[in-house]
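Biologist: I've got a model open and I'd like to learn how to read it feature by feature. Can you walk me through it?

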Amino acid sequence: MTQPDTHDVEYLLCRHLDGQLDRRERRALEQRLEADPGLREQLRLYGALDGLLAGLSTEAIDGIDYDLQRAEIITAVERKVLLSTERRRRLVFRPRFLLTAAAAMLLMAVAVGVVVLWPGVGGAPTPIATMDISRVAPTPRPAGQISGTVHPEDLDDLPLDIAPSRAAAPAGTIVVSFGAPHEADGAPDEAVVVY
Amino acid sequence: MASSPAGPADGELVRAARRGELTAFEVLVERYQRQATAVAYRLLSSREDAMDVVQDAFLKAYDRLETLSQPGRFGAWLMRIVSNLSLNFRRARALRRMDSLEAPGDDDSWGGVNRPDPVAPDPAAEASAGEMKLLLARAIEALPEMQRQALVLFSIEKLPQKEIADMLGCSVEAVKWHVFAARKKLKEQFKDYL
């Protein structure tokens, strides 16, 4: 490209017509225009040319039916939308796609089953001992046999006549019982039984 | 740039069209089809080619609405599509004509068609007032590609130079130079009739 000389006075004239000169440039150009009738003629020519060019913009282009053009454009867009929708639908309902989807779902179900059910794979819960602790009222004649009682030696003054309680414990159950009488407040004696 | 007439703003229409409202896109078509056709026609000098390009441009615009970051600037964006498509169309057309060995020349802007007689002293010598625009259109057609595009988009379609620079992939200064070079040539050709 051969670049115009930006200091070319005609370039300045065009920029002047486009309103792109700053105040200093415009003042300088106006002074030159005042002194140079030839330059004024050039400015007039460029201005007239610009007017002619601008006229081309509004000039109707012969033979164009814009309503028809718009209808054709919208029809083409509609066709495109329909085609893309149909393409998506065909992709989703394609037998191969369905088979693939079914296989994928089956694989996923198997994988989930393995993770959940496989011992040690899915972190299945390890059974832990359970302990039932209940607090029951003492019974005078426990059905179970008491094989022995243990209490700390330094608690000799603990009243041992309190029988360990029993709440439906089957025979043979080892019962650990501890409790205390409520002599002071007169409440029934209680014991805690651990089966 | 075409000023938006009364009615929903471009951004609003673009967002509605994105939601699938085709009537909103139809309003955009109605709003910009004349300008798009004029730009394509000035760049291609063929009504039929311009119509094809404009239809392609609107289809492409509809396809890519989601990529339009500033919906309010639909018009400038569309003109950029029109300009680029016109340029591609013109190049393809020139290649086809060269392939058919139809008088290839040293200046591909003509593609061997309607080249003015280089020895003619003045292209507007015998022009009546009514023919002036036709001669001017032909003279514009004869300009080098970048000059023609810059002139059409700036001096005829009144697009901002920044947008033209974006369209043509050059600097704003380059746009100014192209426009000036084109004006200077046309001024020399038509000086006796201005």
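**Reading the model, one feature at a time**

Modeller: Let's start with one residue: D56(B) sits in helix α3 of chain B. Bear in mind that this is a predicted model.

Biologist: Is D56(B) buried, exposed or partly exposed, and why?

Modeller: The idea is to count neighbours, with 20 or more C-beta atoms within 10 Å making a residue buried. D56(B) has 19 C-beta neighbours inside 10 Å, so it counts as partly exposed.

Biologist: Which residues have the most contacts inside the largest nonpolar core?

Modeller: First the general idea: in soluble globular proteins, nonpolar side chains tend to be buried together. Here, the largest nonpolar core has 63 residues, and A40(B), A57(B), L78(B), V82(B) and A150(B) have the most contacts inside it. Helix α2(B) gives the largest share of this core, eleven residues. Take V82(B): leaving aside neighbours within four places in sequence, it is in contact with A36(B), V39(B), A40(B), V53(B), V54(B) and A57(B).

Biologist: How do I check a helix, say α6(B)? What should its twelve residues span?

Modeller: At 1.5 Å a residue, α6(B) should span 16 Å, and its end C-alpha atoms are 15 Å apart, which agrees. Next, look at cover: eleven of the twelve residues of α6(B) are buried, so the helix is largely enclosed by the rest of the structure. Among the buried ones are M146(B), A150(B), L151(B), F154(B) and S155(B). After α6(B) comes K158(B), with a positive phi near 60°.

Biologist: And α2(A), how many of its 13 residues are buried?

Modeller: The count is zero, so to speak a helix that is hardly covered. Its length checks out, though: the 13 residues of α2(A), 23–35, should span 18 Å, and the end C-alpha atoms are 19 Å apart, which agrees.

Biologist: Back in chain B, at what angle do the axes of α2(B) and α6(B) cross?

Modeller: For a helix pair, look at distance, angle and hand. The axes of α2(B), residues 22–44, and α6(B), residues 145–156, come within 10 Å and cross at roughly 145°. The crossing is right-handed. On the α2(B) side the contact is made by V39(B), R42(B) and L43(B), and on the α6(B) side by R148(B), Q149(B), V152(B), L153(B) and I156(B). By class, these residues divide into five nonpolar, one polar and two charged.

Biologist: Last one: how many residues of chain B are in contact with chain A?

Modeller: For an interface, ask who touches, and from which elements. Here, 34 residues of chain B are in contact with 31 residues of chain A. In chain B, α2, α3, α5, α6 and α8 each supply at least two residues of that side, and α2(B) gives the most, with eleven. The side of chain B that touches chain A has 19 nonpolar, four polar and eleven charged residues.

Technical notes. Residues are numbered from 1 along each chain as its sequence is written. Chains are lettered from A and ligands numbered from 1 in the order in which they are written. This is a predicted model: local features need pLDDT of at least 70, side-chain atom pairs count only at pLDDT 80 or more; totals for chains, interfaces and linings use all residues. Axes are lines fitted to C-alpha atoms, for helices over the stretch in contact, and angles run from 0 to 180 degrees between N-to-C directions. Helices (H or I, at least four residues) and strands (E, at least two) are DSSP runs, numbered from the N terminus. A crossing is left-handed if the near helix is turned anticlockwise from the far one by less than a right angle, and right-handed if clockwise. Two residues are in contact if their C-beta atoms, placed from the backbone, lie within 7 Å. Ala, Val, Leu, Ile, Met, Phe, Trp, Tyr, Cys and Pro count as nonpolar, Asp, Glu, Lys and Arg as charged, and the others, Gly among them, as polar. The expected span of a helix is 1.5 Å times one less than its number of residues. A nonpolar core is a set of buried Ala, Val, Leu, Ile, Met, Phe, Trp, Tyr and Cys residues joined through C-beta atoms within 7 Å.
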